[in-house]
Amino acid sequence: MMDWLRDNMWAAWLTIAAVLGLAELASLDFTLLMLAAGALTAAGVAAFFPGLLWLQIVVGLITAAAMLGAIRPMIVRKIHHGQELKTGSAHVIGRTGTVVKEIHPDGGGSIRLGGELWTARPYDEVSTIAPGTRVEVMSIDGATAVVYPVSDPLPQVESPKPQDPPQS
């Protein structure tokens, strides 16, 4: 058994790396994953230098320490300080859209928001907002966007009327 282990130390290091990698799935702390990376590099050293256990351990420790000191903090910072995931209708709050159908205080208006059509009502409950006006979504009330105008309505361009062909 000891002869096999000495000749196949790379397999032992790979087993250690796999166990640490699987254990990481339970902890999700990225510490065990960095240690698994150290064991993986030790497996590589063991494949080329099977008789030098001290070199395998040193390279594995240096790799694990470098990963714990440099890579893990960046990963943790990215995960914990990234953008907050907004779900449901909360993802539209603060976005801007365009009024498609005039918005009255009593309802019935609609806006186009990122390719979707939303029922809308004005934020101040006394304003009427004309079609073409850019609005910001202040909140969501049920399935209705509560909006506030952020620009004047776009000018309506009349399409040219077809002319009658000249009569001869």
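How do the axes of helix 3 and helix 4 cross, and within what distance do they come? They cross at roughly 145 degrees and come within 7 Å. Keep in mind that this is a predicted model, where local features need pLDDT of at least 70, side-chain atom pairs count only at pLDDT 80 or more, and totals for chains, interfaces and linings use all residues. Residues are numbered from 1 along each chain as its sequence is written, and side-chain values use heavy atoms, with hydrogens and water left out.

**The chain overall**

- The protein chain has 4 helices and 5 strands; helices (H or I, at least four residues) and strands (E, at least two) are DSSP runs, numbered from the N terminus.
- Going along the sequence, the pattern reads α-α-α-α-β-β-β-β-β.
- Of the 168 residues in the protein chain, 24% are buried; buried means under 20% relative accessible area, exposed over 50%, and partly exposed in between, with a 1.4 Å probe and protein chains only.
- Take the contacts (heavy atoms within 4.5 Å) between residues at least 6 apart in sequence: 46% of them join residues at least 24 apart.

**Helix 2 against helix 3**

- Two packed helices are described by the angle between their axes and the distance between the axes.
- Helix 2 (residues 9–27) packs on helix 3 (residues 31–48) at about 170 degrees, with the axes 8 Å apart; axes are lines fitted to C-alpha atoms, for helices over the stretch in contact, and angles run from 0 to 180 degrees between N-to-C directions.
- That angle is why helix 2 and helix 3 are roughly antiparallel to each other (under 35 degrees counts as roughly parallel, over 145 as roughly antiparallel, 65 to 115 as roughly perpendicular and the rest as oblique).
- The residues in this contact of helix 2 with helix 3 come out as 18 nonpolar, 3 polar and 1 charged; Ala, Val, Leu, Ile, Met, Phe, Trp, Tyr, Cys and Pro count as nonpolar, Asp, Glu, Lys and Arg as charged, and the others, Gly among them, as polar.
- On the helix 2 side, the residues include W10, W13 and E24, and on the helix 3 side they include L32, A39 and A43.

**Helix 3 against helix 4**

- Helix 3 and helix 4 make a right-handed crossing; a crossing is right-handed if the near helix is turned clockwise from the far one by less than a right angle, and left-handed if anticlockwise.
- Among the residues that meet here are G38, T41 and A42 from helix 3, and Q56, G60 and R72 from helix 4.
- This contact of helix 3 with helix 4 splits into 13 nonpolar, 6 polar and 1 charged.
- G44 in helix 3 is partly exposed, at 30% relative accessible area.
- C-alpha to C-alpha, G44 sits 9.5 Å from G60, and the two are 16 residues apart in sequence.

**Q56, a buried residue**

- Q56 belongs to helix 4 (residues 53–80) and is buried, with a relative accessible area of 0%.
- A polar atom of the Q56 side chain lies 3.1 Å from the backbone oxygen of F49.
- Not counting residues up to four places away in sequence, Q56 touches M9, W13, A42, V45, A46, F49 and P50.

**Over in the strands**

- S110 lies in strand 2 (residues 109–113) and is buried, at 13% relative accessible area.
- Leaving aside neighbours within four places in sequence, S110 has contacts that include T98, K101, I103 and W118.
- Y123 is in the loop between strand 3 (116–122) and strand 4 (134–141), and counts as partly exposed at 47% relative accessibility.
- Beyond four places in sequence, Y123 touches M138, V146, V147 and Y148.

Note on methods
A polar contact is a pair of N or O atoms within 3.5 Å; within protein, one must be able to donate a hydrogen and the other to accept it, and residues adjacent in sequence count only if both atoms are side-chain atoms.
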